[in-house]
Amino acid sequence: MSSQERTEGENYLYAVLNLPPTASQGEIRERYRALSITFHPDKQHDLRLKETAAEKFLEIQKAYEVLSDPFLREVYDVLGAEGLNRQWPTELRSKDSEEIKAVLKHWKIDHSNEVLEKLLQPRGGAICSVNASSLFARGDEYDGESRNFGNRLSNIKVTGFGVRHGVMKALGPKTVVGITAEARPGSRDVLAARGTLTGALRHQFSPRLVLELTAAFLNPHIITAKTTYSDNENAVSVQTNFIPAVWYLFPPVTTVSFARRLFRNSLTQGSVTWTYAPELPGGNLEFNLYSPREFDFMSQDDHVEAMEEATFGGPGSTSGLAAGVRTWSFGLTLAGLNSCIKAEFLLFFHELSLRLKARAEVGLRNIAYIVSAKWVGHRSAFGTGVGLSTKGVILRFQLTYFEQKWTLPITLTPDYDLNVALYTVVIPSAALAIGYQFFLKPRRRAQRARYFEDARRALNDEKSELKRQIESTTLLLQDVARRHMDAERSRAGLIILEATYGPSPDNEATDLDVDVTVPLQSLVHNGQLYISSRTPKSGIPGFLDPAPEAPKSLRIRYLFGNRTHYAEISDSSPVVLPLKDHLVM
């Protein structure tokens, strides 16, 4: 794979023609003709320039073939370059635009599900419950001999142990079966103590309709059926649990849930759930509000798009705390004496793969607070949390490795003890802060320094194929740029004096600017220059992305009306010249 292919991203073909995704067919045709003349190999006599021109000419041809075909353009807009590699039914071309988009979106969901199914592996887990309340018990609860630390330590006991293992197998692109075994010897739950063996079936009838069935192979043979229907805005699910042999004696426990995206330009979602059980004649009614929002302090924009990737491919920020997702959720449960209100706040830092969560629940019978932290790696994860409720204070550790999960809940006290909970939170938090300051943060700095050092080495490598292409492309554009600038000088129009493109300057990102004066001069037309914010600048002829994934800006010094202007424009903003705000006083 070439360097150019690696940096090809969303709307890349539009960038090749320097057009926004909203461009008309007439604009695409006009730009294609102009660029084809500039980069036609037959117009070049220098062998080195001829080779570069041929590569650019083929790239322009590909962009035009896709964007000038209404159907292929729809495929590219929805699925990107991946959709162009698939053979689509000929009858799909005869449908209108909305029908084509719907089919493509459904295929995208199906394809994502197929990828996830291929990644399924056997999953296992073990849980070991420990009662360490003797360490924090008051002195008057023990006799004199039992008050020393050694005796308190010896009174720590394992109160429960359980294992769980499951295997999933895809029978086809839409059907998955699995089997799970679980046992908790000594548990108060009779079924869990004896062990359970459960089979599962999941079938996706369509991108919107899914059926899930689970059945217990051991007595009592509990069967669970769940159906979910979802589209881009709504989701409805119905779940029922029953025992076939005595269904007429014990009506099935049934849950009905409805969720909806509340605002078009936001991911805020509301849901209502009703659960019926024989012991609750009126059932349980739950209302929930869920609102995730991305933050990115490395750029000037506050992104609202859904998160598709959880890791950064570039250098990221020095702190590791610059980008992530913050989520608020609120809930209300109406269930008689078990009624309660809930609130939760979650922070997820992408660069550190760190999740921090705080949750509070206040009800008629119980008050609970939970604080937790979880680090997620490529194949492993580690989490810890502290819960305080009327049932006591519980410290929980969880380790995951290759889909195998180990959980260790430790009961510190069976009482509602705020002091114990506070110490349990403060001490690990202080350790986390120290670890971040003296380990994680220096590690982030070293990673950024290595990233930019590698980028400088690649940029300055005289044998770099990409650098050779950029230099050759600049030579090809010189005649066009000179003609455009001569025309602009004759009428005191837009004259590009100097332009550079590279990472936003900081201590590590130095000496990475690329001279793009000639490419920008060639784009000036009738005293104006426009580059859409929705197209990657790395695809514009003569541009080079010196540090993929790092925040970059375009710095331009130009004349308009024989007056000096200067602009520094981030990657996420459109390039619009000239503007009065750019005038240097």
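Which strand do eight bridges join to strand E2 (residues 157-170)? The points below take this up after the basis of the model.

1. Basis. This is a predicted model, in which local features need pLDDT of at least 70 and side-chain atom pairs count only at pLDDT 80 or more, while totals for chains, interfaces and linings use all residues. Residues are numbered from 1 along each chain as its sequence is written, and side-chain values use heavy atoms, with hydrogens and water left out.

2. Strand pairing. The partner of E2 is strand E3 (residues 175-183), and the two run antiparallel. Two strands are taken to pair if DSSP finds at least two bridges between them. Helices (H or I, at least four residues) and strands (E, at least two) are DSSP runs, numbered from the N terminus. E2 and E3 make a hairpin, with four residues between them. Gly166 has Thr180 of E3 as its bridge partner. E3 also pairs with strand E4 (residues 196-204), again in the antiparallel sense and over eight bridges. Here Thr175 has His203 of E4 as its bridge partner.

3. Overall content. The chain has twelve helices and 23 strands. Of its 585 residues, 37% count as buried, where buried means under 20% relative accessible area, exposed over 50%, and partly exposed in between (1.4 Å probe, protein chains only). Among contacts with a separation of 6 or more, 49% come from residues 24 or more positions apart; contact means heavy atoms within 4.5 Å. The chain exposes about 33,700 Å², of which carbon and sulfur atoms supply 57%. Accessible areas come from the Shrake-Rupley method with a 1.4 Å probe, and for residues only the protein chains shown count as cover.

4. Largest nonpolar core. A nonpolar core is a set of buried Ala, Val, Leu, Ile, Met, Phe, Trp, Tyr and Cys residues joined through side-chain atoms within 4.5 Å. The largest one has 29 residues, and those with the most contacts inside it are Ile496, Leu520, Leu529, Ile556 and Leu577. Elements that give two or more residues to this core include helix H10 (418-460), helix H11 (465-490), strand E21 (552-560) and strand E22 (563-570). Strand E18 (494-503) is another of these elements, and E18 gives the most, with five residues. Leaving out residues up to four places away in sequence, Leu520 touches Ile496, Ala499, Leu529, Ile531, Phe543, Leu554 and Ile556.

5. Second core. A separate core of 23 residues includes Tyr14, Val16, Val66 and Leu477.

6. His582. This residue is in the segment after E23. His582 counts as buried, at 12% relative accessibility. Aside from neighbours within four places in sequence, His582 is in contact with Tyr558, Thr564, His565, Tyr566, Ala567, Val576 and Leu577.

7. Surface patch. Phe287, Leu332, Leu334, Ile341, Val362, Ile367, Tyr369 and Tyr416 form a nonpolar patch on the surface, with about 660 Å² of accessible area together. Patches are made of residues with over 30% relative accessible area and no salt bridge, with like charges joined within 9 Å and nonpolar side chains (Val, Leu, Ile, Met, Phe, Trp, Tyr) within 5 Å. Strand E11 (323-334) and strand E14 (367-376) each supply at least two residues of the nonpolar patch. Leu332 is found in E11 and is partly exposed, with a relative accessible area of 34%.

8. Salt bridges around Arg359. The structure holds twelve salt bridges, each being a side-chain nitrogen of Lys or Arg within 4 Å of a carboxyl oxygen of Asp or Glu. One of them joins Glu344 and Arg359 (3.2 Å, N to O). Glu344 lies in strand E12 (residues 340-349) and Arg359 in strand E13 (residues 354-363), so this pair ties together parts 15 residues apart in sequence. Glu344 is buried at a relative accessible area of 17%, whereas Arg359 counts as partly exposed at 27%. Arg359 also meets Glu361 in a salt bridge (3.7 Å, N to O), and Glu361 is partly exposed at 23%.

9. Asp513 and Arg555. Their side chains meet in a salt bridge (2.6 Å, N to O). Asp513 lies in the loop between E18 and strand E19 (514-515) and Arg555 in strand E21, so the pair ties together parts that are 42 residues apart in sequence. Asp513 is partly exposed, with a relative accessible area of 41%, while Arg555 counts as buried at 11%. Elsewhere, salt bridges that share partners join Glu344, Arg359 and Glu361 into one network.
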